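Morning, everyone. Have the model open as I go.

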Amino acid sequence: MKNRRIDFYRAYNKKPQLSAEARERLLRRAAPAALALVLALILGAEGVKYARLGRQIAAEQAYLADADVTEAYKTYESLSGALEAANYRSAQLEAAAGAADSYPTLDAALVRAVTGAYDGVSVTGYAYSDDGGTLTVSGSCSSVSNAAQYAKALGALDVFSHVGYYGYSSQDGRSYTFTVQCVLAQEAEG
């Protein structure tokens, strides 16, 4: 009889049909089972991922808790800060060297021009700073107006971009001392 049924389905090319009641029972049982299977597969894959991540995090925390690693990191941070400070200072020095190279050199002709700029003044000393091309001249004179005239005469020289005269002082009221700061003009680059 079994063969007879198969032949019947083959002969009419029909597939066996389920009754509506059987189909409903199948869906009631199969749908939750299929959903549970899909969720189990997804959660199983995610669970494996999370377990692996948990082991990696635990290993990293153990590594970071190691005293040698902590000390090495502190040393690294300290050395990084020192290196950054050294690089910053090096850049400052290179900039200062570049700026110093752009100023004229303090030579004998310039010293003669400064000391002989005005007859009523005696130059008592000078100091030159390469950092900003600043020449500080100290002098003495017998008249207050001579100090101002001397500063004006230095300003007329074309080697200075700025001349600053900030007053005078006197001990006895007959002789006056003063200081003039002169910034050398940068040479034209060519």
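V137 has V180 as its bridge partner in β4. That contact belongs to a set of eight bridges joining β2 to β4, and the two run antiparallel. Strands count as paired when DSSP finds at least two bridges between them.

A word on where this comes from. The model is predicted, so local features need pLDDT of at least 70 and side-chain atom pairs count only at pLDDT 80 or more, while totals for chains, interfaces and linings use all residues. Numbering starts from 1 along each chain as its sequence is written, and side-chain values use heavy atoms, with hydrogens and water left out.

Back to the sheet. Four strands make it, open, in the order β1-β2-β4-β3, with antiparallel pairing. At the edges sit β1 (121-129) and β3 (160-170), each pairing on one side only. On average, neighbouring strands are turned by 20° against each other, direction ignored. Here the axes are lines fitted to C-alpha atoms, for helices over the stretch in contact, and angles run from 0 to 180 degrees between N-to-C directions.

Now the other pairings. β1 and β2 are antiparallel over eight bridges, and V121 is partnered with C141 in β2. β3 and β4 are also joined by eight bridges, antiparallel. There, H162 has V183 in β4 as its partner.

Which residues lie on the covered face of β2, and which on the uncovered one? L135, V137, G139 and C141 are on the covered face. T134, T136, S138 and S140 are on the uncovered face.

Next, the whole chain. It has five helices and four strands, in the pattern α-α-α-α-β-β-α-β-β. Helices (H or I, at least four residues) and strands (E, at least two) are DSSP runs, numbered from the N terminus. Of the 190 residues, 13% are buried. Buried means under 20% relative accessible area, exposed over 50%, partly exposed in between (1.4 Å probe, protein chains only).

Over to helix α2, residues 20-65, where L39 sits. L39 counts as partly exposed because its relative accessibility is 43%.

Last, confidence. pLDDT is the predictor's confidence in each residue, from 0 to 100. The chain averages 80, and 84% of the residues score at least 70. Where pLDDT is low, predicted coordinates should not be read in detail.
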